[in-house]
Amino acid sequence: MGALKSWTMVICSVSVICTIIEVLIPNGKMEKVFRLVVGAFMLCAILVPFNTTLHNMKFDAKKNESFMRDKSNFKNTVENQTKKSIQKNMKTIIEKFLESKGVKAEKINIIMDTKQDNCISIKKIEVFLSRGDENKKDIVKKGLERKLEIKTDVFIGSE
């Protein structure tokens, strides 16, 4: 911010000086030459700070590596959070379906694949029912596959 302030001060000062010189320039043959010199002086006053600023800039490649590492960590964190959220929501949907059928699951596994095209796809759902719900195994399997349109395996016990 200080560099910008000093640059504006230089431009203002040079503008005032150039205006005073233009007022004092005698009319005639030398007027065009003086205007050319004053214009070049003004142009130099504007461009010189850019030149010094470019020489003072340092490009550090290590910062970019750090940025890329942080970006990769961020991507993994977001992917894991998204995966957990999807699993939680799917488990809630499955539990509500099972509740409507009068069945309680001992365990629900949701097998997902996140490797293809930055997409998360649910490959398979495994539902483990208690031993008392053996007779509802087929109903649960067919109902979940129809509702979710995902391959579902239903097991008895927490195998």
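Reply:

Glu 126 lies in strand β2, in a model that is predicted. With a relative accessibility of 16%, Glu 126 counts as buried, because the cut-off for that class is under 20%. If its neighbours within four places in sequence are left aside, Glu 126 is in contact with Lys 107, Ile 108, Asn 109 and Ile 111, and also with Asp 153 and Phe 155.

The structure holds one aromatic pair, formed by Phe 128 and Phe 155, which are stacked with 5.1 Å from centre to centre and 25° between the planes. This pair links distant parts of the chain, since Phe 128 belongs to strand β2 (residues 121-129) and Phe 155 to strand β3, 27 residues apart. As to accessibility, Phe 128 is buried, with a relative accessible area of 5%, whereas Phe 155 is partly exposed, with a relative accessible area of 24%.

A polar atom of the Thr 152 side chain lies 2.9 Å from the backbone oxygen of Ile 150. Apart from its neighbours within four places in sequence, Thr 152 is in contact with Ile 125 and Val 127, as well as with Lys 141, Leu 144 and Glu 145.

Leu 144 in turn is one of the buried residues of helix α4, together with Val 140, Gly 143 and Leu 148. Seen down the axis of α4, these buried residues fall within an arc of 105°, so they line one face of the helix. On the other side of α4, the residues Asp 138, Ile 139, Lys 142 and Arg 146 are exposed. The length of the helix can be checked too: at 1.5 Å a residue, the 12 residues of α4 (residues 137-148) should span 16 Å, and the end C-alpha atoms are 16 Å apart, which agrees. After α4 comes Glu 149, whose phi is positive, near 55°.

Definitions and conventions
Residues numbered from 1 in each chain as written. Predicted model: local features only at pLDDT ≥ 70, side-chain atom pairs only at ≥ 80, totals over all residues. Heavy atoms only, no water. Polar contact = N/O pair within 3.5 Å; in protein donor to acceptor, adjacent residues only side chain to side chain. Contact = heavy atoms within 4.5 Å. Phe/Tyr/Trp six-rings, centres within 6.5 Å; stacked < 30°, edge-to-face > 60°. Helix = DSSP H or I, 4+ residues; strand = E, 2+ residues; numbered from the N terminus. Buried < 20%, exposed > 50% of the residue type's maximum accessible area, 1.4 Å probe, protein only. Expected span 1.5 Å × (residues − 1). Arc of directions from axis to C-beta.
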